[in-house]
Amino acid sequence: MLARMRSERLLFAALATAIAGIALEHELLEMGRLATLLGAAGLVVAIVLASLRVSHHAEVLASKVGDPYGTMILTLSAVLVEVVVLAIMMTSETSPTLVRDTIYAAVMLDINGILGLAALLGGLKHGEQPYNDDSARTYSVMILTAMGISMVVPEFVPAARWHLYSAFTIGAMITLYALFLRMQVGVHSYFFSYSDPKAKGEGSAIQGGPDQPVLPSIVILILGIVLIGVLAEVMSSLLTSGLKGSGAPPAVTAIVVAVISASPEVMTAMRAALANRMQAVVNIALGASLSTVILTVPVMEAIALYTGQPFLMAMSPVQTVMVAVTLIVAAINLNDGQTNAIEGMTHFVLFATFVMLSVIGL
């Protein structure tokens, strides 16, 4: 028991931060912008710590089932964190573009950041790294379809008809994901796995330790999600107040949410790339992007229908161009079943471009 408690010290640290945040929230708000932003930063760190433990216990569960189920559990746990944080922040955040900007930032971070850096580092260490190109093609066409339906077409939907199209979007996303999930774990599950005796260490993405019991991981995972929700509620209040009138780029909040949800995936993907498990990287990066779009959109659209307040889901022209270039580059790079450092660099440069555009407010 003592060993178990020591292993959860990050979660206990996040819990202590949550208690302190609740107790000191009003005092921080009265102390001015600097104190408010420092408090929000501390809560963001606590959310990341809690999400790392959630990811770890998702890995423990995933280690029992292997790929593709394993990486599916990892990406779903990350998306659940994102949905919880987004849903809570929407109660205090007045920006109608928060959901759109968060999904856009998550896709840029997953495909260009995680996949780009992993392919770059893995390519420098191992040269060409093999994976199953069926998975990359399947993920890419699903991401393109989901983002087109939910974040491009709404630009042309009349405001008076948003209820109807929002309901259609929910149905379309659920149908797409249900069929994709059936394919991923059913007859086409081999699309999302790769086995090559020449690829050292290739196999499951999971390093969770198959000897660990499952029940404690399930309980801690649930408690971790609840704790993240509490932290997000306090963080949202502090961050919104601290950024108000500061002149910070409007996408800062969205990027914070995207980074929170992606932080566990970054380390998992980097470990996989350095161990020459590029299939795991593809499953994590593209799977997380797809899950973010196809699961976050219906939940947020349902909230919009319930509250009667529509979100602005149509991407800006700059965002549309960046997504289009990203998916075109991904389609070209991930078409031959091998990645290399040059392909990784192209995506990482696109990620740097996304960061620069965010800094200048685009």
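Begin by selecting Y104, F348, F351 and F354, which ring pairs link into a cluster. Rings of Phe, Tyr and Trp (for Trp, its six-membered ring) are taken as a pair if their centres lie within 6.5 Å, and a pair is called stacked if the planes are under 30 degrees apart, edge-to-face if over 60, and tilted for the rest. This is a predicted model, in which local features need pLDDT of at least 70 and side-chain atom pairs count only at pLDDT 80 or more, while totals for chains, interfaces and linings use all residues. Residues are numbered from 1 along each chain as its sequence is written, and side-chain values use heavy atoms, with hydrogens and water left out.

By the ring rule, the count comes to six aromatic pairs. Select Y139 and F180 next: they form a tilted pair, 5.7 Å centre to centre, with 50° between the planes. Because Y139 lies in helix α6 (residues 133-152) and F180 in helix α7 (residues 162-185), this pair ties together parts that are 41 residues apart in sequence; helices here are DSSP runs of H or I with at least four residues, numbered from the N terminus.

Keep F180 selected, which is buried at a relative accessible area of 4%, where buried means under 20%, exposed over 50% and partly exposed in between (1.4 Å probe, protein chains only).

Technical notes
Helix = DSSP H or I, 4+ residues; strand = E, 2+ residues; numbered from the N terminus.
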